[in-house]
Amino acid sequence: MPLLRKLTRTPLAPKPLTCPYCYERFPIRDILFRCNTRMSRTGRRCVAKTDGILEERTGNRRELGPVFSADGRKTTAVCPDCASETRYRVCPVCHSQLPTQFGLVDNLLIAMVGSKDSGKTVYMTVLLHEVMNRIGARLDASLLAADEHTLSRFRLNYEESLYAERRLPTTTTSAGTRDGRVDPLVFRFSVRRNGPIRQAPVHTLLSFFDAAGEDLVSQESVDLNTRYLANADGVLLLLDPLQMPGARQSAAPDTRLPGVGARYDTSVGVLTRITDMLLSQPGLLNRGLIDVPVAVVFPKLDAFRHRLRRGSPLTVEPPAGPRFDVADSLDVHTEMMGLLRDWDGVQIDQVMANNYRRYRYFGVSALGANPTSDAEVAQTGIQPYRVADPFVWLLSELGAVGREGRG
Ligand SMILES: Nc1nc2c(ncn2[C@@H]2O[C@H](COP(=O)(O)OP(=O)(O)OP(=O)(O)O)[C@@H](O)[C@H]2O)c(=O)[nH]1
Ligand SMILES: [Mg+2]
Ligand SMILES: [Zn+2]
Ligand SMILES: [Zn+2]
């Protein structure tokens with residue numbers, strides 16, 4: 001009776017959840033609560049203090065109410081010390097406050113991986129900015145920070161510095177120098193499903209984890225990020241053509257080329273290490289292939305624009321419909337396979353075909369132009385193209401947005 005089961009399923013389903021901040025898994029009943037330190041009806045009040053676990057796991061030293069356990073399946077609980085009712089639910093592992101709808105709506109973890117200087121941080125910033133603005137309107141969707149920390153951090157450290165101050169990001173710090181911690185950005189993505197009747201929006205929590213390229217240069221450093229990668233629902237894998245020997249020489253003159261040396265890597269190197277790590281996680285395999293959808297993103301296409309053939313799908317904007325366009329995406333995928341052949345990237349295609357069940361190639365440019373210097377974006381400003389394609393594909397693979405066409 002699958003239909004009946006579906007209808008009677010409680011909103012708080014008993015499948016394990018994954019914290020959008022620390023990527024640890026736990027059953028819903030283990031969710032803890034934090035006292036709100038307000039005066040309760042009985043006149044008692046808890047004192048706010050630094051939370052040792054929160055500090056150790058996230059670096060957050062704010063003074064907060066005590067954490068206590070209660071029925072994690074509920075959305076509120078009464079503090080045993082002061083009898084005040086709280087709505088603050090916290091992760092049992094890292095003690096981060098969970099977003100309001102956590103456990104009630106889908107929670108998707110998206111990992112951004114790629115070699116050092118491949119453009120992950122720039123891409124993530126431009127992607128999120130575009131989804132918040134232009135693309136969101138196209139998809140009839142909205143993307144909002146799910147917590148205060150993400151809100152201020154994304155605005156100040158990412159969006160304002162890139163868009164208003166035109167500063168390129170500095171290299172992302174290795175998880176190794178931060179006791180294995182990373183600091184994901186967490187958003188609430190809400191989309192209205194188009195249909196004969198306008199439906200209520202569907203909400204999804206999205207957690208973006210931007211890896212440090214430095215952490216992917218050796219198997220040991222990849223292991224530092226295993227939890228984040230192995231628990232991700234979707235992967236945005238950036239393979240920088242400027243780090244492929246065959247493409248480097250065909251880039252436009254004056255293109256700023258990524259460095260070479262021990263901290264840098266080839267695109268195949270990163271792909272191989274990540275693939276080995278994912279293959280070592282039996283839970284991720286489906287008939288021997290890695291089942292996590294991987295959007296293989298070739299960034300910095302502005303450097304190769306002069307080389308694209310006339311009529312290439314990479315020279316035009318994607319169709320403007322509200323859903324993921326399958327036909328257009330397959331055109332881009334085929335076009336990228338051709339480019340990979342020219343770029344000596346055949347090995348990349350083999351690794352993907354032999355190890356992954358769900359993957360697709362994308363060509364994007366986050367900046368749209370060669371930066372003026374190591375620290376500054378071009379005078380012409382940021383003119384991205386096709387940045388949202390990989391994201392919309394991932395969301396369609398994960399069921400968070402609809403698709404147009406078959407394939
Ligand atoms: N031409 C061009 N260059 C880009 C683009 N995006 C990024 N870059 C260049 O790539 C450099 C590195 O970008 P980041 O986003 O910091 O790279 P990252 O992958 O986050 O690097 P790590 O944090 O060290 O792993 C930038 O400083 C730019 O010079 C793009 O769309 N076009
Ligand atoms: Mg970075
Ligand atoms: Zn956590
Ligand atoms: Zn209390």
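Reader: How many disulfides?
Author: The count is 0 disulfides, a disulfide being a pair of cysteine sulfur atoms within 2.5 Å. This is a predicted model, where local features need pLDDT of at least 70, side-chain atom pairs count only at pLDDT 80 or more, and totals for chains, interfaces and linings use all residues.

Reader: Cys79 and Cys94: buried or exposed?
Author: Cys79 is buried at 3% relative accessibility. Cys94 is buried too, at 1%. Buried means under 20% relative accessible area, exposed over 50%, partly exposed in between (1.4 Å probe, protein chains only).

Reader: Switching to the metal. Which protein donors does the magnesium ion (ligand 2) have?
Author: Thr121 (OG1) and Thr172 (OG1), lying 2.0 to 2.1 Å from it. Donors are N, O and S atoms within 2.8 Å of the metal (3.2 Å for Na, K and Ca); water is not among the atoms, so the site may look incomplete.

Reader: Where do they sit in the chain?
Author: Thr121 is in helix H3 (residues 120-132), and Thr172 is in the loop between helix H5 (148-164) and strand E12 (185-191). They are 51 residues apart. Helices (H or I, at least four residues) and strands (E, at least two) are DSSP runs, numbered from the N terminus. Residues are numbered from 1 along each chain as its sequence is written, chains are lettered from A, and ligands are numbered from 1 in the order written.

Reader: And how accessible is each, buried or exposed?
Author: Thr121 is buried at 12%. Thr172 is partly exposed at 23%.

How values were computed
Side-chain values use heavy atoms; hydrogens and water are left out.
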